[in-house]
Amino acid sequence: MTENNGKRAEKSGAGTWRDWVHSALREVQDTLRRPLYWAIVATAVTLTVVAGPFGTLDGMTMPVRAFFWGVGIPVTGLVMTVLIVGSRHFNADRRYPWTLVSIAAALIGVPPTFALFYGLVSAVSPYGPPRYPLRLLTELTTILVLISIVGNARIYLRRTPAATAAEPAPAPAPMPVDAGPALPLLLEKLPDELGQELVCLRAQDHYVEAVTPLGRATILMRLSDAERDLVGFDGLRVHRSWWVNLDHVVSLARTEAGGMELTTSTGITIPVARGQRATVKAALDQRREAAE
């Protein structure tokens, strides 16, 4: 019993296995709801159908290329989105080098992607299965590693100005100043690459899932404690499982079932408890009037 409790209380930015998996899956769902994601996929399909890379221009007709790339790219994109997001949540506390984690995620994606393209080539090629499967495997591995590294680099290479600025020369005899307010414990626990601009928090047993514009992480802290910790922030507990930063609320609407939900700037839909609807609406109306 004591050993289990000790393991559960162990500080880890990635949280428990169940926590980071659930957190990653929610981010994948959010990503798949974004029009930009599908615009990128559509652009990639269009370019490959027209350009016909890897011998598909000479070996396939336009309709066949449209089928080949129209299936291969979206499925590969889905697989890599799951693996890239999952690897980032697994390594939220940055215990491993991000490049190593990115490569590992890509290698996990190689078998299903290889099986996909091997089957597609076998289905559409008049010559049957690929004549050089090793070359196909090598090309796919290289592409997936590049996709994974690029996909994670935009998060891991982002730093706060304080972290990237050169260390200034020591100033002579600085005047003593009063220390500013202490940074909330929740923000101290956030991985550096996520920044400190909270969008919302979601309760997960003894953990909270903290969401910023740069991603999300699971933190060992109860939502009630996090709410008290953020008392100076312009946010509200809108549901027993949700706290939201009002700066990131873009809409508040009724649901078909008669409930109420709000949408954040990152595209997350959050339910509003019945007892909090008037408070949330009043707070948003007040902010709107102040802005006008």
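Visitor: A salt bridge here is a side-chain nitrogen of Lys or Arg within 4 Å of a carboxyl oxygen of Asp or Glu. How many does a search of the whole structure find?

Guide: Seven. Bear in mind that this is a predicted model.

Visitor: Take E227. Which residue does its side chain meet in a salt bridge?

Guide: R237, with N and O 2.8 Å apart. The pair links distant parts of the chain: E227 belongs to helix α10 (residues 223-229) and R237 to strand β4, 10 residues apart.

Visitor: Why do E227 and R237 count as partly exposed rather than buried?

Guide: Buried means under 20% relative accessible area and exposed means over 50%, with partly exposed in between. E227 has 28%, so it is partly exposed. R237 has 22%, so it is partly exposed too.

Visitor: What does D234 form a salt bridge with?

Guide: With R287; the closest N and O atoms are 2.1 Å apart. Here too distant parts of the chain are linked, since D234 sits in the loop between α10 and β4 while R287 is in helix α11, and the two are 53 residues apart. D234 is partly exposed at 38% relative accessibility, and R287 is partly exposed at 28%.

Visitor: Change of topic. What is the strand order in the open sheet of three strands?

Guide: β6-β7-β8, with antiparallel pairing. β6 (249-254) and β8 (269-272) are the edge strands, and each has a single partner strand, so one side of each is left without a neighbour in the sheet. On average, neighbouring strands of this sheet are turned by 25 degrees against each other, direction ignored.

Visitor: How many bridges pair β6 with β7, and how many join β7 to β8?

Guide: β6 and β7 (residues 260-264) pair over five bridges. β7 and β8 are joined by four.

Visitor: Where does M260 come into it?

Guide: M260 is the bridge partner of R254. M260 also stands opposite V272 in β8.

Visitor: What is in the turn between β7 and β8?

Guide: The two strands form a hairpin with four residues between them, and G267 in the turn has a positive phi of about 90 degrees.

Visitor: Now the largest nonpolar core. Which of its residues touch the most other members?

Guide: The core has 17 residues, and those touching the most other members are C200, V238, V244, L262, I270 and V280. Two or more residues each come from β4 (235-239), β5 (242-245), β7, β8 and α11. Helix α11 gives the most, with three.

Visitor: What does L262 touch, leaving out residues up to four places away in sequence?

Guide: Its contacts include V238, V244, V249, I268, I270, V272 and V280. S251 and T269 are also among them.

Visitor: Last, the overall figures. How many helices and strands?

Guide: There are 11 helices and eight strands. Of the 292 residues, 39% count as buried. The accessible surface comes to about 17000 Å², and 62% of it belongs to carbon and sulfur atoms. Among contacts between residues at least 6 apart in sequence, 57% join residues at least 24 apart.

Terms used: Residues are numbered from 1 along each chain as its sequence is written. This is a predicted model: local features need pLDDT of at least 70, side-chain atom pairs count only at pLDDT 80 or more; totals for chains, interfaces and linings use all residues. Side-chain values use heavy atoms; hydrogens and water are left out. Two strands pair if DSSP finds at least two bridges between them. Axes are lines fitted to C-alpha atoms, for helices over the stretch in contact, and angles run from 0 to 180 degrees between N-to-C directions. A nonpolar core is a set of buried Ala, Val, Leu, Ile, Met, Phe, Trp, Tyr and Cys residues joined through side-chain atoms within 4.5 Å. Buried means under 20% relative accessible area, exposed over 50%, partly exposed in between (1.4 Å probe, protein chains only). Contact means heavy atoms within 4.5 Å. Accessible areas come from the Shrake-Rupley method with a 1.4 Å probe; for residues, only the protein chains shown count as cover.
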